[in-house]
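Take a walk through this structure with the sequence beside you. Keep the view open and follow each stop in turn.

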Amino acid sequence: MRIGGKTGTSEKVVGGVYSKEKVMTFFVGIALIDAPRYLFLTILDEPRGLPETFGFRTSAWNAVPVTRRVTGEALPLLGVQPWTASTN
């Protein structure tokens, strides 16, 4: 499905200073990119780096895959069909 979006990763403030250990990640996705109709917002508080993310904990490694799974299930229920080259 043709979805566009923007990632964000921010350090959390702990004790009045930015923490290097604690982050929040975000992803805002818009579907369908050619004719926007749906907006998806994923926020993860203090995600952990995992072996499958090579230890990374930024939005691209956690919030984006979560949004991909949610939209993959939700959009067909809303009548949105997967994009193919022949649909374009």
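The aromatic pairs come to 2 in this predicted model. Planes under 30 degrees apart count as stacked, over 60 as edge-to-face and the rest as tilted. Phe54 and Trp61 make an edge-to-face pair, with 5.6 Å from centre to centre and 80 degrees between the planes. Phe56 and Trp61 are stacked: the centres are 5.6 Å apart and the planes 20 degrees.

Phe54 counts as exposed because its relative accessibility is 65%. Phe56 is partly exposed, at 45%. Trp61 is partly exposed too, with a relative accessible area of 35%.

Some ground rules belong here. Residues are numbered from 1 along each chain as its sequence is written, and side-chain values use heavy atoms, with hydrogens and water left out. As the model is predicted, local features need pLDDT of at least 70 and side-chain atom pairs count only at pLDDT 80 or more, while totals for chains, interfaces and linings use all residues.

Now turn to the charges. How many salt bridges does a search of the whole structure find? It finds 4. A salt bridge is a side-chain nitrogen of Lys or Arg within 4 Å of a carboxyl oxygen of Asp or Glu. One of them joins Glu11 and Lys20, whose closest N and O atoms are 3.4 Å apart. Glu11 is partly exposed, with a relative accessible area of 32%. Lys20 counts as exposed because its relative accessibility is 57%.

Another salt bridge pairs Asp45 with Lys12, with 2.9 Å between the closest N and O atoms. This pair links distant parts of the chain: Asp45 is in strand 3 (residues 38-45) and Lys12 in strand 1 (residues 3-14), 33 residues apart. Helices (H or I, at least four residues) and strands (E, at least two) are DSSP runs, numbered from the N terminus. Asp45 is partly exposed, at 49% relative accessible area.

Glu46 and Lys22 also meet through their side chains, in a salt bridge of 3.9 Å from N to O. Glu46 lies in the loop between strand 3 and helix 1 (63-77), and Lys22 lies in strand 2 (residues 17-31), so the pair ties together parts that are 24 residues apart in sequence. Glu46 is partly exposed, at 35% relative accessibility. Lys22 is partly exposed as well, at 33%. Salt bridges with shared partners join Lys12, Lys22, Asp45 and Glu46 into one network.

Next comes a nonpolar surface patch. Val28, Ile30, Ile33, Leu39, Leu41 and Ile43 make it, and its area is about 510 Å². Patches are made of residues with over 30% relative accessible area and no salt bridge; like charges are joined within 9 Å, and nonpolar side chains (Val, Leu, Ile, Met, Phe, Trp, Tyr) within 5 Å. Accessible areas come from the Shrake-Rupley method with a 1.4 Å probe, and for residues only the protein chains shown count as cover. Strand 2 and strand 3 are the elements that give two or more residues to the patch. Strand 3 gives the most, with 3 residues. Leu41 is placed in strand 3. Leu41 counts as exposed because its relative accessibility is 55%.

Is Thr25 buried or exposed? Thr25 lies in strand 2, and it is buried, with a relative accessible area of 0%. Its side chain joins that of Asn62 in a polar contact of 2.8 Å. A polar contact is a pair of N or O atoms within 3.5 Å; within protein, one must be able to donate a hydrogen and the other to accept it, and residues adjacent in sequence count only if both atoms are side-chain atoms. Leaving aside neighbours within four places in sequence, Thr25 is in contact (heavy atoms within 4.5 Å) with residues including Gly8, Thr42, Leu44, Pro47, Ser59 and Ala63.

Note on methods
Buried means under 20% relative accessible area, exposed over 50%, partly exposed in between (1.4 Å probe, protein chains only). Rings of Phe, Tyr and Trp (its six-membered ring) pair if their centres lie within 6.5 Å; planes under 30 degrees apart count as stacked, over 60 as edge-to-face and the rest as tilted.
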